[in-house]
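This report goes through a structural model step by step, from packing inside the chains to the contact between them. Please keep the sequence and the coordinates at hand while reading.

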Amino acid sequence: MKKIIALALTVFMAASLAACGGSSSKETQAPAESAAAESSEAGAEGGDLSNMKVGFIFLHDENSTYDLNFINGAKQACADLGLTEDQYMLKTNVPEGQECYDTAADLADAGCSIIFADSFGHEDYMIEAAKDFPNVQFCHSTGTKAHTEGLDNYHNAFASIYEGRYLAGVAAGMKLNEMIEAGEFTAEEAKIGYVGAFTYAEVISGYTSFFLGARSICPTATMEVTFTGSWYDETAEKEGATKLINDGCKLISQHADSMGAPTACEDAGVPDVSYNGSTVDACPNTFIVSSRIDWTPYFKYAISQAAAGQPIDADWTGTLDTASVLLTEVNEQAAAEGTQAKIDEVKAGLEDGSIHVFDTSAFTVKGETLTSYQADVDTDANYTPDTEVISDGYFHESEYRSAPYFDLQIDGIELLDTAF
Amino acid sequence: MSKVKTPRFHISKRGIIPRRQTWLIRGAAIVLALILCAIITTMMTGLNPVKVYTTIFEGNFSTSRRIWVLMQNIAILLAISLAMAPAYKMRFWNIGGEGQVLVGCLATAACMIVIGDKVPNAVLIIIMLIAAVAAGAVWAFIPAFFKAKFNTNETLFTLMMNYVGLQLVAYYVIVWEVPKGSGKIGIINQATQAGWLPQIGSYKYLLNILVVAVITVLMYIYMNYTKQGYEIAVVGESENTARYVGINVGKVIMRTLILSGAICGLTGFLLVAGTNHTVTTTLAGGRGFTAVMVAWMGKFNPVAMIFASFLIAFLEQGASEISTMYSLNQSFSDILTGIIIFFIIGSEFFINYKLNFNKTGEKEAQ
């Protein structure tokens, strides 16, 4: 019996080796043929996309609103560029550890010439992979190190999502005003609740811009922020939102990736401004609007550049202009009247530069109006502030680096559970 | 679906049966599991099951990197299982492997962060190793001590120690996070590589695999050819017998658990210094629990446990490949893995008990 097993194993191994040998030689031949056949068509794209293979690494799967937003962007970008389904690979549930390196290396082995990763914690492992595969482009969304790392094939990207948050805040302000006018509560009670993940600049920038947007419409608005200490923790997010509602918050928004906060709002009948995408299906009565980053423009840009052999920006910032920062459709059932018109008006102001989200005249820190602030733009272990970011009367967010670095605690926002 | 019907049988305890027959039963279980998985795959996804199985195989063996990753996963799972084996053989239900590995990880990372730039690399690695082994040993010793002295319930105690370990890691992740507020440490000493285990040639994981191979051999000898190994077996069979022949049961429990925890700590050391170079709450990734299954499947025999670890690591890696290749949710591949493992564990029943099932069983599956 043992002999039979040994024999079977040997045959199995031999067959598999033969199979891999076969498939890899096929792979190398196929692109050459198709490249010749389609070179005229590919030329129109500005680069040869026909033998391009693209890899994507996601922290979770489509059950996370954050990853779903990336997955949709990835599929859309590949479809727009005319990539066939076997030209791109999606790897879901990749933890922020050595598995990320292994997955990236595996994608490179499979012939991917450009690889994207979506989670902040993937960054260091993407850098390791970039060092080991100099001919493959590694693009990491939300990271901070590319502009100082000095690797030609490692890139970061983010978007000026604070502008989207600000617009979403405008919708929130409209709703608060409507509720005040309806006599549901007084202007002084207009308190917003916000469920954040970490006390990290990305989150701080997000809730502050949201708050400033809301306060630009409803001047008496205040805000309470609670932190869950996790990017994805449905229970904690739901509990956090419920706690804020019980604490007297009249409207909720969140920066965490599960359906926890939106469902808590739907259960309690409290309006919710969502993030990462519309949650209207699950929350038809309370969902107002959601801001999100559309990663499609970045994916298309980076893939096209790689296909054409052109350099990719070390640090790419999507904007309203590149259609990277989007608002979902306003849910008329929950939103105040005229919300869409107001959003459009403010959006025009942001685009023509007449409105700045972090206008220093719109907020104070410990009662003072800021005229100067050194932010930690170049990541280092000691968080040394290194760049002056206030000039021309506003805080220049996402200009010196794509990832947010606004980390000021402004007046009017109360932080709860910062120690999670 | 139609084959859930119960065949006519009566159960009786088997005597010792020839090894060939046990393997036949296990083989039949795997075949049955594969057939059931094939039916479910076709029903739920419309995919060709043979192609799906080929994909599982390719996910593990199609490139040398995949083989290395597989070996590394086997090694880590096996190491934790080896740590569990003596405790379980002694009938000490140590389900605290997860926590014991995590505190080992934490101790290793702590040394890398705190004294990473203060001592020469070789000294640093030795300190890290000692710290990790000691941390793991302490984590297992605490419940063992209470078990030996006060006869506390070790299942609950070791389980609770997991949560304490997990929260300790969560706490220190916030203390050492980079950048501030992000909730992650990232790769430690990425520039200097201080405290990173050396790489043998171009093989990232070879050192880990070799270390675990050595542990496997030592554990085999320890369990089968040493007086202490024999004492473990006697305590496991009957504590009263052990006492009668003059074995200090409490001492054996504590000694064995220190060993068990130390190997877990060592595994944590390999995970942090050898591969991940960071510490997160998910670093052990549930393997502290999976290891219990491996140890049982391998009947606490280190050699058999190699195969059990292989099977689980193989299925996991194949599962993730299925979800990538066919754009299926990972949950689907987890269902397949679950069915296969269920059948394999279930087959142990048929090894221990007699049942006239051969012909009916095969007919049903077809």
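Which residues does I115(A) touch, not counting residues up to four places away in sequence? In this predicted model, I115(A) is in contact with G55(A), I57(A), A104(A), L107(A), A108(A), V136(A) and F138(A).

## Nonpolar cores

I115(A) belongs to the largest nonpolar core, a set of 118 residues, and is listed there together with A104(A), M126(A) and A171(A) as having the most contacts inside the core. The largest share of this core is supplied by helix α6 of chain A, which spans residues 161-181 and contributes 10 residues. Another core, lying apart from this one, is made up of 89 residues and includes I76(B), V173(B), V294(B) and M305(B).

## Overall organisation of the chains

Chain A contains 11 helices and 17 strands, and 52% of its 420 residues are buried. When contacts in chain A between residues at least 6 apart in sequence are considered, 66% of them join residues that are at least 24 apart.

For chain B, the division is into domain 1, made of the segments 18-45 and 326-366, and domain 2, which covers 64-301. Between the C-alpha centres of domain 1 of chain B and domain 2 of chain B there is a distance of 32 Å.

## Positive phi angles in chain A

T142(A), a residue other than glycine, has a positive phi near 75°, and its place is in the loop that runs between β4 (137-141) and α5 (146-149) of chain A. T142(A) counts as buried because 22 other C-beta atoms lie within 10 Å, where 20 or more are required.

S398(A), likewise not a glycine, has a positive phi of about 55°, and is found in the loop between β16 (394-395) and β17 (413-415) of chain A. With 21 other C-beta atoms within 10 Å, S398(A) is therefore also classed as buried.

## Contact between chain A and chain B

The contact draws 30 residues from chain A and 30 residues from chain B. On the side of chain A that touches chain B, the elements giving two or more residues are α1 (2-43), β2 (88-91), α3 (98-109) and α4 (123-132) of chain A, and the most comes from α3(A), with 5 residues. Sorted by class, that side of chain A has 12 nonpolar, 10 polar and 8 charged residues.

Definitions and conventions:
Residues numbered from 1 in each chain as written. Chains lettered and ligands numbered in written order. Predicted model: local features only at pLDDT ≥ 70, side-chain atom pairs only at ≥ 80, totals over all residues. Helix = DSSP H or I, 4+ residues; strand = E, 2+ residues; numbered from the N terminus. Buried ≥ 20, exposed ≤ 12 C-beta atoms within 10 Å, placed from the backbone. Contact = placed C-beta atoms within 7 Å. Core = buried A, V, L, I, M, F, W, Y, C linked by C-beta atoms within 7 Å. Domains from an automatic or database assignment. Nonpolar A, V, L, I, M, F, W, Y, C, P; charged D, E, K, R; others polar.
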